[in-house]
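Good morning, everyone, and thank you for making time for this.

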Amino acid sequence: MDDFDYLGEGKVYLDSACQSLRPRRVIDALNTYYIEHNSCGERVKYKWGVITDEKVEETRELVLKYLKLSPRKYTTSFTLNTTYGINLILNQLDPKHFKKVITSDIEHNSPFLATMAFSKRTGLKREVIKRNDDGSINLEDCNLEKAVVVLNCASNFDGRKLLNIKEVVKAVHKAGGIIIIDAAQAMAHSVDIVRGVEADAICFSAHKLYAPSLGVIVWRDDLIPKLVDGFIGGGMVDDVLENSYLLSAENKEHRYTRFESGLQAWGEITALGEALKWLMKLPKKVWQNLEDNTNELYEFLKESKKVHLVNHEANPTMSFYIDGLDSHLLGSALSREDIMARTGYFCAHYYLDHVLGLPPLIRFSLGLHNRPEDIVKIKKVMEKIIY
Ligand SMILES: Cc1ncc(COP(=O)(O)O)c(C=O)c1O
């Protein structure tokens with residue numbers, strides 16, 4: 001694909017679940033910021049600042065458009081990454097509105113640990129609920145009364161999705177709780193699962209979405225009354241007295257400032273806008289190529305009796321181990337052939353190590369940059385290694 005023309009021949013990058021490769025036009029957008037309008041957003045009156053403001057505003061709108069959420073109800077704020085976004089919300093939730101915090105067994109450490117810290121800080125009970133093999137939740141087994149619920153909508157080791165996400169959100173709200181969705185793994189290749197879902201907040205990382213390193217929180221305006229001020233500073237206030245201040249977020253137009261203390265990553269934000277425009281215009285054949293590569297590789301792995309997949313179905317993200325082979329050594333062997341894959345527990349230690357009791361795994365996570373030749377090469381190299 002021309003967008004990734006910098007990727008040398010024979011180099012097979014299989015770590016998109018961590019960071020996707022950036023299309024050239026996204027890299028160009030970041031460079032354009034530095035070369036043509038390097039300026040602070042939202043405070044600067046000279047021309048460069050005006051350009052930055054327009055682009056940042058456009059990105060906020062594009063995020064909502066991509067997620068099919070109404071700007072009347074939702075706001076886009078920028079932060080460092082998914083982990084930071086989830087912590088930023090949990091650290092400022094006022095516990096008096098809630099009775100417990102709930103997460104699930106297949107979470108990335110990011111929500112898994114953040115909910116532990118939240119429980120410790122607030123004294124609210126924490127529950128870890130079981131997700132089904134298809135990623136859904138049995139709602140009849142959950143007591144959601146006034147719960148803070150934090151769940152991924154796609155897993156980072158096998159891509160399984162929160163299939164009944166709409167029912168879950170509805171049930172949480174009916175029970176007087178709130179729900180934060182970790183959409184880190186859904187945004188690039190499975191965005192349909194979260195589109196139009198009216199969660200209280202959706203956190204994701206732009207670096208898994210063909211954009212530079214950046215975090216995003218999309219949140220409902222009615223979250224504000226449930227927050228206490230816990231992480232505040234420059235860029236968030238309209239006025240300050242000796243012992244008090246007026247938050248700019250009181251005003252709908254500047255609501256995004258509620259989670260944006262200090263100077264932001266303006267260049268990265270403008271480049272995220274470029275990535276979203278690119279994604280929304282990709283021809284069908286590009287998505288078909290990803291699906292074909294996924295199916296081909298998944299079927300190949302499934303065929304071997306020595307390969308044990310965590311996946312229950314094909315997904316661009318697939319994790320497995322091979323009988324008699326140390327996954328870390330396998331990762332190094334693949335690297336010698338220019339195949340870049342991840343090994344270990346991928347920050348899902350609790351589920352993979354302690355619930356399933358699996359040895360360290362290897363993860364192939366495909367992206368839109370992968371070519372059919374990549375799959376041919378992986379199969380050839382893997383066949384040599386397995387047999
Ligand atoms: C499902 C999920 N949640 C959270 C994270 C944390 O993302 P970040 O490291 O960008 O904060 C990841 C990262 O892989 C992830 O896959």
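Let me begin with a question: which residues in helix 2 meet which residues in helix 6? Before I answer, please keep in mind that this is a predicted model, in which local features need pLDDT of at least 70 and side-chain atom pairs count only at pLDDT 80 or more, while totals for chains, interfaces and linings use all residues. Residues are numbered from 1 along each chain as its sequence is written.

Now the answer: T52, K55, V56, E58, T59, L62, V63 and Y66 in helix 2 meet W266, I269, T270, L272, G273, L276, K277 and M280 in helix 6, where two residues are in contact if their C-beta atoms, placed from the backbone, lie within 7 Å.

Two packed helices are described by the angle between their axes and the distance between the axes. Helix 2, residues 47–67, and helix 6, residues 266–280, pack at an angle of about 45°, with their axes 8 Å apart, and that makes helix 2 oblique to helix 6. The axes are lines fitted to C-alpha atoms, for helices over the stretch in contact, and angles run from 0 to 180 degrees between N-to-C directions. Angles under 35 degrees count as roughly parallel, over 145 as roughly antiparallel, 65 to 115 as roughly perpendicular and the rest as oblique.

Helix 6 also packs with helix 1, residues 24–36: their axes come within 8 Å and cross at roughly 150°, and helix 1 and helix 6 are therefore roughly antiparallel to each other. On the helix 1 side the contact includes R25, V26 and A29, and on the helix 6 side it includes W266, G267 and E268. By class, the contact of helix 1 with helix 6 has 9 nonpolar, 2 polar and 3 charged residues.

For another pair, look at helix 7, residues 284–303, and helix 10, residues 372–386, whose axes come within 10 Å and cross at roughly 10°. Helix 7 and helix 10 are therefore roughly parallel to each other, and N293, E296, L297 and F300 in helix 7 meet P372, I375, I378 and K379 in helix 10.

An open sheet of 7 strands has the order 2-8-7-6-5-3-4, with mixed pairing, and two strands pair if DSSP finds at least two bridges between them. Strand 2 (74–79) and strand 4 (125–129) stand at the edges with a single partner strand each, so one side of each is left without a neighbour in the sheet. Strand 2 and strand 8, residues 215–220, pair in the antiparallel sense over 6 bridges, and the bridge partner of T76 in strand 8 is V218.

An open sheet of 4 strands has the order 11-12-15-14, with antiparallel pairing. Its edge strands are strand 11 (307–309) and strand 14 (342–344), each of which pairs on one side only. Strand 12, residues 317–322, is joined to strand 15, residues 361–365, by 4 bridges, and S319 has R363 in strand 15 as its bridge partner.

Notes:
Helix = DSSP H or I, 4+ residues; strand = E, 2+ residues; numbered from the N terminus. Nonpolar A, V, L, I, M, F, W, Y, C, P; charged D, E, K, R; others polar.
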